[in-house]
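Please look over the following model with its aromatic rings in mind. The numbered notes below take up a few of them in turn.

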Amino acid sequence: MAVSVQLTHVTKAFDTTIAVNDVSLNIERGEFFFLLGPSGCGKSTFLRIVAGFYKPDTGELRFDDTVVNNVPPHQRNTGMVFQNYALWPHMSVAENIEYGLTLRKLGKSERDEKITRALEMVQMVDYHDRAVNTLSGGQQQRIALARALVIEPSVLLLDEPISNLDAALRQQMRDEIKQIHDRTNITMFYVTHDQVDALSMADRMAIMQDGVVIQVGTPREVYQFPKNAFVASFVGETNFIAGKVQHTSNGSATIETPVGTLHSETIYHALSEGTPVQCSIRPEALIVNNNQNDANHAENTITAKITAVNYLGRIEEYQLVAADVPLKAVHYNPGIETKKPGDTVQLAIAAEAIIPLPD
């Protein structure tokens, strides 16, 4: 049965390095929750605290209403999927999956039934008797997932489980893991540095930096309303234009910048006249127009020069510069006509797409 996971003021240090610094976080029962952050931010330590491999130096960890700080890993009923799969190469697929069931002293018929069900979940029934070391990376990752699921864990912990796969397999595994969560309603806690994993699968996500949780929210909330410049740049790509607030009124602001005066209608930080800000503008929000007449209908207009064009099939990326400020724009479904390096263009930006963040 799925459980909720609650951390209250949890800290974990190694010698003088604080890996997790006074973190409080609630993961709801049955939630697919992501912890996202750069390498070295403390997210894997966080995961291992939940698994029971590390004990918090201070603070409290609860599964539902039970404090589990001193409960060893094998008594927490958690399943774990590692980045490097951690399968036993001398065992068959079925033997790898069976291992946790054997430790739980289940009968042979019950073990066989659960193994078959787990293999069905990951679409690997035909590989029951295959040697693990004959499988591809994607197949091994499915077996690692089946081994974690077969014990019917209360919490499934995933530590960058698909980072070693190629792009096509990564997308396939994202879809399969999400489908498994939807079918089983297990509480899943997924650690990654990959924003695409988090944005495409998470119910909610936490952004971690230097051992501290910076922001928690749905993928849409975090992407559209980042708490600071770090979150804006880490979760998706963005452009930053430095400026100073001239005027604020009823959730809108006028900001003086090197590329001209910008008007924003996405104000959710405390800003006052004279406040330095970084205006975050997503590449897809920069609309590249051919002429001034098209741009005049926009709430904000910037004149820029294209420095590079990258054609990627369904999208075309433009590298630009405006008043010495580097910018990036994305054009979806480009046709045969294309813009060229050296072209001067007008960039149209909606007021709600400009997000001023405290500098």
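Does F234 count as buried or exposed?

1. At 18% relative accessibility, F234 counts as buried, where buried means under 20% relative accessible area, exposed over 50% and partly exposed in between, with a 1.4 Å probe and protein chains only. This is a predicted model, in which local features need pLDDT of at least 70 and side-chain atom pairs count only at pLDDT 80 or more, while totals for chains, interfaces and linings use all residues. Residues are numbered from 1 along each chain as its sequence is written, and side-chain values use heavy atoms, with hydrogens and water left out.

2. Searching the whole structure gives nine aromatic pairs; rings of Phe, Tyr and Trp (its six-membered ring) pair if their centres lie within 6.5 Å, and planes under 30 degrees apart count as stacked, over 60 as edge-to-face and the rest as tilted. One of them joins F46 and F189 edge-to-face, at 5.7 Å centre to centre and with 70 degrees between the planes. This pair links distant parts of the chain, 143 residues apart, since F46 lies in helix 1 (residues 43-51) and F189 in strand 8 (residues 187-192); helices (H or I, at least four residues) and strands (E, at least two) are DSSP runs numbered from the N terminus. F46 is buried, with a relative accessible area of 1%, and F189 is buried with a value of 1%.

3. The rings of F230 and F234 have centres 5.7 Å apart and planes at 15 degrees, so this pair is stacked. F230 and F234 are four residues apart in helix 8 (residues 229-234), and are therefore separated by about one helical turn.

4. Ring pairs also link F32, F34 and Y190 into a cluster.
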